[in-house]
Amino acid sequence: MDKLENILAGLNSIIWGKWLVYVLLGLGILYTITNGFVQVKHFRFIIKKTLIDSFKDRNSEKGQGSISSFKAMMVTLAGNVGGGNVVGVATAIVSGGLGAIFWMWIAAFFGMALKYGEIVLSQLYRGKDSEGNLLSGPMYYIRDGLRMPWLGVVIAVLMCTKMMGANLVQSNTIAGILNTNYGVPTHITGIFLICFLMVITLGGLKRVANIATTLVPVMSIFYIVVGVLVIFLNIESVPSVFATIFHEAFSFQAVGGGTGGFVIARAMQFGITRGMYSNEAGEGTAPFAHGSTIVSHPVEEGITGVTEVFLDTIIVCTITALVIGVTGIYTDPSTNAAVMAINSFGTMWAPLKHAGAFALLVFCFTTLMGQWFNAAKSFTYAFGPNVTSKAKYIFPFLCIVGATNKISLVWTIQDLAMGLVVIPNMIALIVLFPKVSAQTKDYFSKLGNKEEIGNR
C-alpha cells in the first residue's frame, strides 16, 4: 500500500506541478481579454442581476428537471465554500506568507472570467434524460463541442472518483474538528453524517438545491459578520496587515537564508494555487448545476460565475486572511494551519472560536451536498440512471469510512483525480473560447441597445 501511495504521489507531483496552475491562470487571462473584461466592465450589472434579481426569482423553475439560477449558484457555492476558504487560506499564509493573499486575489480576478466561460458553455451544450430532465456538466461540451464522446465518458468517471474521494476528505475534516475541539467520537460523527446526507440525497437533486439555498447564504453571512467583528476589534492592525500583504507579494527577499527561493515566488505559488482551488474555476464543477437552469440567453447564467468567485474568494477568503492577519496568530510557528483560522477567532473572545468552528462545520457539510449533486450527474452520464439510483444509497455511507480512518491515500487519489479532470476540461476551454466570446458580444450588444431605447 505504501508503494502504491508513493507511485500515486509521484504522478501527483507531475500533474500538479506549477504548470497546471499557471495554465489555468493563463486561461483566465484569455477569457478575460476575449470577453472584454466582463468581470470589470459589467460588474455592477452582474451583482444586481445575480444577487438581487435572481434572489427575487429564486423559486421560479422554467422547465422539467430545471432549477432557478439562484439555486444553481447556491449549489455551486455549497461545493466551493468549504475548508479551502478557512484551512486553505491559513495553509497559503503559512507556506507563502501574507503576500499569498494578493496573488489569491489575482487568481480570483481572472478566475471570474474563466468560470463565466464554463457556465456559458454548460448552457450551450447539455442533454435531457428520458423524462425530460436537464442533464449537464463538462461532459456535454466535451462530447458535443469537442466532438469527443469517449473523453466525455472519461471525465465523467474521473469526476465520480473525485467526488467520492472528496466525500471521505470532508467527512474526515468534520470528524477531526469535532473530535479535537469537543471530544466527539469519530464514529458518532460518521453516523450522524450518514443520516443527514441520506435524508438530503434521497429527496433528489431539488432537495439539495433547496437546502443549499437556505444554508449557504445564512452561514456565509454569519461567517462574514463574525469575521468582521474580530477585524473591527483589531482595527488598528488592519493598515499594517494590508501593507504586509502588498510588501510580501512583491518582495525579492530570500526565504530561509537563501535556500527557499524568494518571498514573491512562494507567495505567487501558494496564493494562486489556493485561490484556484478555493473557487474551482476551470475544474469543470460549475457546469453541473448551472447547466440545469433555463434562461433566455447563455450569458444570463454565465455571469453568475463572476459573482460566485467574488463571494467565495474576494469576500470569504479575504475575511479569513484578515482575521488571521490582524490577530497575529500566523506569526506563531507552533500553530498548526489546520486550526489556525478557528483559533484566531477566539483570540479576542473565546466563544468566537466556537462560532468559527460551527461555520466551518456547516461549510464542510454543504460541500458534501454540492459534491453529491455533481456526483449524481457524473454517474448518470457515465453509467446511466440505474446506477445513480443505487449510488445515492452508497454515497452517504462513505462518510463513516472518511470519519473513522486516516485517509492519506484517499487525499492522494483525490488530488490525482482532480488533476486528471482538469486536463480535458482545459482542452475544451481552449478550443471553445470563441463560442463564449461570440455569446458575450451578442448578449451585451443587445443589452446596450435595450438600454439606449429605454433612455430615449
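A residue counts as buried when its relative accessible area is under 20%. In this predicted model, both E308 and K115 are buried. Their side chains form a salt bridge, with N and O 3.2 Å apart. E308 belongs to helix α16 and K115 to helix α7 (residues 99-124), so the pair ties together parts that are 193 residues apart in sequence.

The whole structure holds 4 salt bridges. The table lists some of them, including the E308 pair.

| Salt bridge | N to O distance |
|---|---|
| E308 and K115 | 3.2 Å |
| D53 and K48 | 3.1 Å |
| K446 and D442 | 3.4 Å |

D53 is partly exposed, at 27% relative accessible area, and K48 is partly exposed at 45%. K446 and D442 both sit in helix α20 (residues 408-455), 4 residues apart, about one turn of the helix. K446 is partly exposed at 45%, and D442 is partly exposed at 27%.

Helix α16 (residues 304-327) also contains T313, which is buried with a relative accessible area of 0%. Beyond its neighbours within four places in sequence, T313 has contacts that include M104, A108, G275, S278 and N279. With N279 there is a polar contact between side chains, at 3.2 Å. T313 and V81 are 232 residues apart in sequence, yet their C-alpha atoms are 8.8 Å apart.

Helix α13 (residues 263-279) has 17 residues and spans 24 Å from first to last C-alpha, close to the 24 Å expected. Its buried residues are V263, I264, A267, G271, I272, G275, M276, S278 and N279. These cover an arc of only 160° around the axis, which puts them on the same side of α13. E280 follows the helix and has a positive phi, near 60°.

Notes:
Residues numbered from 1 in each chain as written. Predicted model: local features only at pLDDT ≥ 70, side-chain atom pairs only at ≥ 80, totals over all residues. Heavy atoms only, no water. Helix = DSSP H or I, 4+ residues; strand = E, 2+ residues; numbered from the N terminus. Expected span 1.5 Å × (residues − 1). Buried < 20%, exposed > 50% of the residue type's maximum accessible area, 1.4 Å probe, protein only. Arc of directions from axis to C-beta. Contact = heavy atoms within 4.5 Å. Polar contact = N/O pair within 3.5 Å; in protein donor to acceptor, adjacent residues only side chain to side chain.
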